[in-house]
Amino acid sequence: KVLVCIQLNIDENEGFSHAIILDQTCLYPEGGGQEGDYGTIGDVNVLDTHKVDDLVLHLCDGPVKGTVNGKIDWVRRKQLMDHHTAVHIVGGAARRILGSHIYQAGANKSVESARLDITHHSRLLRTDLDEIENLANQVLQEVEDTEKITLKRKDADSEYGFDLYQGGAPKGDEIRILKISDHDIQACGGTHVRSTGEIIGLEIGKIENKGKKNRRVNIRFKS
């Protein structure tokens with residue numbers, strides 16, 4: 001059901017003209033470095049989704065009212081899920097190869113690719129990246145399913161400690177956790193594949209040095 005439909009005064013080149021708030025939605029808003037879902041609400045197109053406080057804004061190319069059905073652009077969502085899960089797997093591989101000091105400094109998950117910023121005291125060699133890539137692909141082959149659980153914050157802190165919050169500590173009393181076997185366990189509210197087997201294989205491209213200790217790892221999928 002449409003709660004609010006607001007006409008926006010923006011450049012027509014943006015494509016969207018209205019911001020719509022629903023009583024519930026199946027579309028995931030931009031957050032945690034993951035781009036927002038596209039799709040449709042009724043007969044209008046959703047061209048982006050953002051979260052403001054507890055509200056999800058659907059940026060659409062027209063107005064809509066009443067009771068409507070929402071539909072996700074599933075091809076786009078699946079690509080975002082693949083890349084988000086891949087970031088977790090590569091991050092876990094980096095900690096195992098390079099050491100427990102590795103920490104996520106940032107990440108981006110788009111339709112085309114993903115990138116992961118990690119803290120590391122020295123420049124990464126191609127041999128380091130190859131080891132991380134090989135371990136990540138081994139996880140894709142050996143770990144069948146991902147597991148999503150929700151715990152009270154105090155219980156999550158007690159069981160997993162501060163390392164749980166590689167992507168930053170989320171708000172709220174309950175923490176949603178993504179477990180990829182014992183390879184990577186992180187608090188994460190993003191979208192992910194149910195089975196790592198859905199991802200054929202990944203490659204680590206160039207490495208970029210972002211400051212004294214930040215290393216940007218670029219991730220893409222094998223064609």
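**Entry 1: contacts of His18**

I count two residues as in contact when heavy atoms come within 4.5 Å. Setting aside residues up to four places away in sequence, I find His18 touching Cys5, Ile6, Gln7, Leu8, His58, Leu59, Cys60, Gly62 and Pro63. His18 sits in strand β2, residues 18–22. Is His18 buried or exposed? Its relative accessible area is 11%, and the cut-off for buried is under 20%, so I put His18 down as buried.

I also checked one pair by C-alpha distance: His18 and Cys5 lie 13 residues apart in sequence and 6.6 Å apart in space. For the side chain of His18 I noted a polar contact of 2.8 Å with the side chain of Ser17.

The mean pLDDT of the protein is 92, and 98% of the residues score at least 70. Which elements have the lowest and the highest mean pLDDT? Strand β12 (residues 202–209) is lowest at 91, and strand β3 (residues 39–41) is highest at 97. A reminder to myself: where pLDDT is low, the predicted coordinates should not be read in detail.

**Entry 2: the sheet around β2**

Next I traced the sheet that holds β2. Six strands make an open sheet, ordered β1-β2-β5-β4-β3-β6, with antiparallel pairing. The edges are β1 (2–7) and β6 (70–72); each has a single partner strand, so one side of each has no neighbour in the sheet. Ignoring direction, neighbouring strands here are turned by 35° against each other on average.

I then went through the pairings of β2. With β1 it pairs in the antiparallel sense over five bridges, and there I noted Val4 with Ile21 of β2 as its bridge partner. With strand β5 (residues 55–60) β2 pairs antiparallel over three bridges, and Ala19 stands opposite Leu59 in β5. Leu59 also turns up in the contact list of His18.

How many residues of β2 are buried? Five of the five are, so β2 is largely enclosed by the rest of the structure. In a regular strand the side chains alternate between the two faces of the sheet. Looking at β2 itself, I see His18, Ile20 and Leu22 pointing one way and Ala19 and Ile21 the other, all of them buried.

Further along the sheet I looked at β3 and strand β4 (residues 44–52), which pair antiparallel over three bridges. Ile41 stands opposite Val44 in β4.

Cys60 is in no disulfide either, with the nearest cysteine sulfur, that of Cys5, 7.6 Å away.

**Entry 3: Gln186 and Gln166**

I moved on to Gln186, which is found in strand β11 (residues 184–187). Gln186 is buried, with a relative accessible area of 3%. Leaving out residues up to four places away in sequence, I list its contacts as His88, Arg95, Gln104, Leu164, Gln166, Gly167, Arg176, Ile177 and Leu178.

Where does Gln166 lie? I place it in the loop between α3 (153–160) and β10 (174–180). Gln166 counts as buried too, at 2% relative accessibility. Away from its neighbours within four places in sequence, Gln166 is in contact with Arg95, Ile102, Tyr103, Gln104 and Gln186. The side chains of Gln166 and Arg95 are joined by a polar contact of 3.3 Å.

**Entry 4: β10 and its partners**

Last, the strands around β10. Strand β9 (residues 147–152) pairs with β10 in the antiparallel sense over six bridges, and Glu147 has Lys179 in β10 as its bridge partner. β10 and β11 also pair antiparallel, over four bridges, and there Lys179 stands opposite Ile185 in β11. The hairpin of β10 and β11 has three residues between the strands, and in it Ser181 takes a positive phi near 50°. Five of the seven residues of β10 are buried, so I note β10 as largely enclosed by the rest of the structure.

How values were computed. Residues numbered from 1 in each chain as written. Predicted model: local features only at pLDDT ≥ 70, side-chain atom pairs only at ≥ 80, totals over all residues. Heavy atoms only, no water. pLDDT = per-residue confidence, 0-100. Helix = DSSP H or I, 4+ residues; strand = E, 2+ residues; numbered from the N terminus. Buried < 20%, exposed > 50% of the residue type's maximum accessible area, 1.4 Å probe, protein only. Polar contact = N/O pair within 3.5 Å; in protein donor to acceptor, adjacent residues only side chain to side chain. Disulfide = S-S within 2.5 Å. Pairing = 2+ DSSP bridges. Axes fitted to C-alpha atoms, helices over the stretch in contact; angles between N-to-C directions.
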